[in-house]
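Let's walk through this one together, a question at a time. Have a look at the fold first.

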Amino acid sequence: RLCFDLALQRGRKSSLQLLHGSGDLNIILDQPELKLSYAAGGFAQINLEQNSRLVEAVLEAASLNGAEQVLDLYCGMGNFSLPLARRAAFVTGIEDYGPSIAMARRNAVANGIANVAFHALPAELALDRYGCAFDLLLLDPPRTGAYALVRQLLNRPIPKVLYVSCDPQTLARDLQVLLNGGYRLVSSQAFDMFPQTHHVESLTCLEYQSE
């Protein structure tokens, strides 16, 4: 018996129609294992093995001691938020796609993680809404980058920034703003999500140098 999900989309995600199945997809990551679900129309890395390596690298670069307040922007269904929450005092996840936030909340409950809150909100509004009392900022923006947001960090710096990028050009543009605004580059690492193509994912770690 063949089991499958089928969804149809015409144009924007608001037109998505589930034609067959539950629409739930799943990934496994972290140790002990987290099972994370995401719905049709939501985002998850297609290369699951490399995604696990990327999550591991984020956790290593974050170097959390359990007392930190973490802000995860463009958080999706909790791919980074929930592993980070296991190691931090509290994680705030922000994503403007409501169905992904619904799945992130469901994933937190399903995995017994309570020290996290997810909000459906454009990332550019997060600092105004929730302030800057964070120890770590994780960014995982779309290919257009996070130019408006990184400019906000010049006036509201967060001590450590982890920037996950899927586009080297917009990453370079955004890093120029941060490096000219008091941040220093600690490390940058590439992840080949799509072998034999020009696409590359990366993780860049920056720290703020207060005067």
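Q: Just after α3, which residue takes a positive phi?
A: This is a predicted model, where local features need pLDDT of at least 70, side-chain atom pairs count only at pLDDT 80 or more, and totals for chains, interfaces and linings use all residues. Residues are numbered from 1 along each chain as its sequence is written, and side-chain values use heavy atoms, with hydrogens and water left out. Helices (H or I, at least four residues) and strands (E, at least two) are DSSP runs, numbered from the N terminus. Just past α3, a positive phi of about 70° turns up at Gly-112.

Q: Which residues of α3 are buried?
A: Buried means under 20% relative accessible area, exposed over 50%, and partly exposed in between (1.4 Å probe, protein chains only). In α3 the buried ones are Ser-100, Ile-101, Met-103, Ala-104, Asn-107 and Ala-108. They cover an arc of only 160° around the axis (taken from the directions from the helix axis to the C-beta atoms), so they sit on the same side of α3. On the other side, Val-109 and Ala-110 are exposed, so to name the buried set again: Ser-100, Ile-101, Met-103, Ala-104, Asn-107 and Ala-108.

Q: In what order do the 7 strands of the open sheet run?
A: Two strands pair if DSSP finds at least two bridges between them. The pairing here is mixed, and the edge strands, each pairing on one side only, are β7 (116-120) and β10 (183-191). Neighbouring strands are turned by 15° against each other on average, direction ignored. The order is β7-β6-β5-β8-β9-β11-β10.

Q: Which strands of the sheet does α3 touch?
A: Contact means heavy atoms within 4.5 Å. Axes are lines fitted to C-alpha atoms, for helices over the stretch in contact, and angles run from 0 to 180 degrees between N-to-C directions. The direction of α3 makes about 165° with that of β7. As it packs on the sheet, α3 touches β6 and β7.

Q: Is Glu-95 buried or exposed?
A: Glu-95 lies in strand β6 (residues 90-95). Its neighbours, not counting residues up to four places away in sequence, include Ser-100, Ile-101 and His-119. At 13% relative accessibility, Glu-95 counts as buried.

Q: Which backbone nitrogen does the side chain of Glu-95 reach?
A: A polar contact is a pair of N or O atoms within 3.5 Å; within protein, one must be able to donate a hydrogen and the other to accept it, and residues adjacent in sequence count only if both atoms are side-chain atoms. The distance here is 3.0 Å, and the nitrogen belongs to Gly-76.

Q: What is the bridge partner of Tyr-183 in β11?
A: β10 and β11 (residues 201-208) pair in the antiparallel sense over 8 bridges. One of the bridges joins Tyr-183 to Tyr-208.

Q: Which residue caps the N-terminal end of α6?
A: Helix α6 (residues 168-179) lies across β9 (160-165), β10 and β11. At its N-terminal end, a side-chain oxygen lies 3.0 Å from the backbone nitrogen of Gln-169, and the capping residue is Asp-167.
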